[in-house]
Amino acid sequence: MAIGSGLGAQIGIAAESSYGVFVAPTKFPEFNKESLVLKKTTAQSSGIAAGRLMALSSRRVVTQREVSGSIELEVANKGMGVLLQALMGTTVTPVQQGASAAYLQTHTLADTWGKSLTIQKGVPLTTGTVTDKTFLGCKVVSAEFSCEVGGMLTATFEFDGKDCDEGQTLAVASYSNMAPFHFGQMGLKTGTFGGETALDGVRKVSVKIERPQATDRFYANQSALKAQPISNDLVKISGSLEMDYVATTVDDLHTSDGATSLVWEFLGPIIASTYAETFRIKLPAIKIDDAPPTVDGYQVVRSTFNFQALYDGTNQVAIEYMSTDITL
């Protein structure tokens with residue numbers, strides 16, 4: 001029996017071959033919290049019956065079913081590929097580096113059609129029995145990555161899903177020896193694309209990638225379930241840099257509305273040769289929206305600069321992930 005609290009919970013993930021068709025989970029990320037739930041739309045008959053003073057239970061119907069929610073976790077040095085692929089859209093095969101045990105995944109922006117997940121969660125009763133809730137057709141609609149002084153690199157993935165199935169068998173979770181990326185491994189560089197240099201004074205970074213989709217595709221002949229969401233707007237990438245005012249580099253970009261390439265990376269232990277565990281976000285062009293530094297008392301001047309990422313006309317936004325994962 002499991003522990004009858006959140007200590008006994010689990011999350012399992014698998015990429016689906018067809019939207020909303022169950023695939024047994026094979027990846028079991030360690031997570032901080034989740035909010036995945038079934039949402040149902042109901043309609044209640046308002047028919048009049050002589051002398052009846054309340055609505056009739058048998059005349060309430062479920063007209064739509066869908067799933068929404070999020071998973072928050074620490075970005076680890078293994079097992080992140082399935083989530084990154086569902087976010088970015090490109091079909092990725094890890095590339096071996098030399099003859100070493102290091103494999104590089106390069107996730108660039110593409111349409112996310114066909115990139116859906118089965119997400120199964122085990123929720124413990126106080127008795128220690130773990131109940132199964134399997135969410136089908138889960139599409140990533142946004143993901144936010146964040147790291148600050150003294151902290152871990154965390155990610156929050158937001159999902160839209162097709163349905164919840166409570167009749168599946170709960171998979172047996174297995175965990176490999178994983179380590180999280182953290183502030184001590186963090187670097188941030190700006191400048192000309194391909195020639196970025198380290199930016200001093202950075203205390204916190206966040207990047208959010210939004211994948212707008214038509215999530216309201218409910219049609220006849222679908223048994224109250226939605227058809228696969230379709231991209232219906234431009235990808236939106238935004239973020240923020242919390243910095244001590246050690247130089248005017250970012251402030252000048254705010255003033256001029258100039259563009260700069262941004263590389264945010266975490267370099268962990270060496271896997272083999274010169275290949276280190278790596279998580280890297282590459283934004284070829286960002287522009288600073290606000291805010292220039294202001295003085296608020298005796299403390300070191302500190303500002304949070306918000307930015308938008310844009311297409312530079314040549315280079316693609318990418319997430320690079322180096323690990324020992326041979327497959328996603």
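Me: Which residues lie nearest the centre of the largest pocket?

Reply: Phe28, Pro29, Glu30, Lys78 and Met178 lie nearest its centre, out of 20 residues that line the largest pocket. This is a predicted model, in which local features need pLDDT of at least 70 and side-chain atom pairs pLDDT 80 or more, while totals for chains, interfaces and linings use all residues. Residues are numbered from 1 along each chain as its sequence is written, and side-chain values use heavy atoms, with hydrogens and water left out.

Me: What makes a space a pocket?

Reply: On a 1 Å grid over the protein atoms alone, a pocket is an open set of points with protein on both sides within 12 Å along at least five of seven lines; lining residues have an atom within 4 Å of a point. The largest pocket holds about 330 Å³ of space. That volume is the space filled by probe spheres set on the points, which are joined across faces, edges and corners. Strand 2 (31–34) and strand 4 (60–74) each give two or more residues to its lining. Strands here are DSSP runs (E, at least two residues), as are helices (H or I, at least four), numbered from the N terminus.

Me: How many residues of each class are in the lining of the largest pocket?

Reply: There are 10 nonpolar, 5 polar and 5 charged residues. Ala, Val, Leu, Ile, Met, Phe, Trp, Tyr, Cys and Pro count as nonpolar, Asp, Glu, Lys and Arg as charged, and the others, Gly among them, as polar. The second largest pocket has about 200 Å³ of space. Its lining divides into 8 nonpolar, 2 polar and 1 charged. Leu109, Lys236 and Tyr311 are among the residues that line it.

Me: Why is Ser223 called exposed?

Reply: Exposed means over 50% relative accessible area, buried under 20%, and partly exposed in between (1.4 Å probe, protein chains only). Ser223 has 67% relative accessibility, so it counts as exposed. Ser223 sits in the loop between strand 14 (213–214) and strand 15 (230–231). Its phi is positive, about 55°, although Ser223 is not a glycine. Most residues other than glycine have a negative phi.

Me: What makes Ser273 exposed?

Reply: Ser273 reaches 60% relative accessibility, so the label is exposed. Ser273 is in the loop between strand 17 and strand 18. Ser273 also has a positive phi of about 55°.

Me: Why is the pair of Phe145 and Phe279 called tilted?

Reply: Rings of Phe, Tyr and Trp (its six-membered ring) pair if their centres lie within 6.5 Å; planes under 30 degrees apart count as stacked, over 60 as edge-to-face and the rest as tilted. Phe145 and Phe279 are 5.4 Å centre to centre with 40° between the planes, and the pair is tilted. Phe145 lies in strand 8 (residues 130–148) and Phe279 in strand 18, so the pair ties together parts 134 residues apart in sequence. Both Phe145 and Phe279 are buried. Phe181 and Phe266 also form a tilted pair, at 6.4 Å and 55°.

Me: How do you know that the buried residues of helix 2 are on the same side?

Reply: Val250, Asp251 and Leu253 are buried in helix 2 (residues 249–256). They cover an arc of only 160° around the axis, which puts them on the same side. The arc is that of the directions from the helix axis to the C-beta atoms. On the other side, Thr255 and Ser256 are exposed.

Terms used
1 Å grid on protein atoms, 1.4 Å probe; cavity = no way out; pocket = protein on both sides within 12 Å on 5 of 7 lines; lining within 4 Å.
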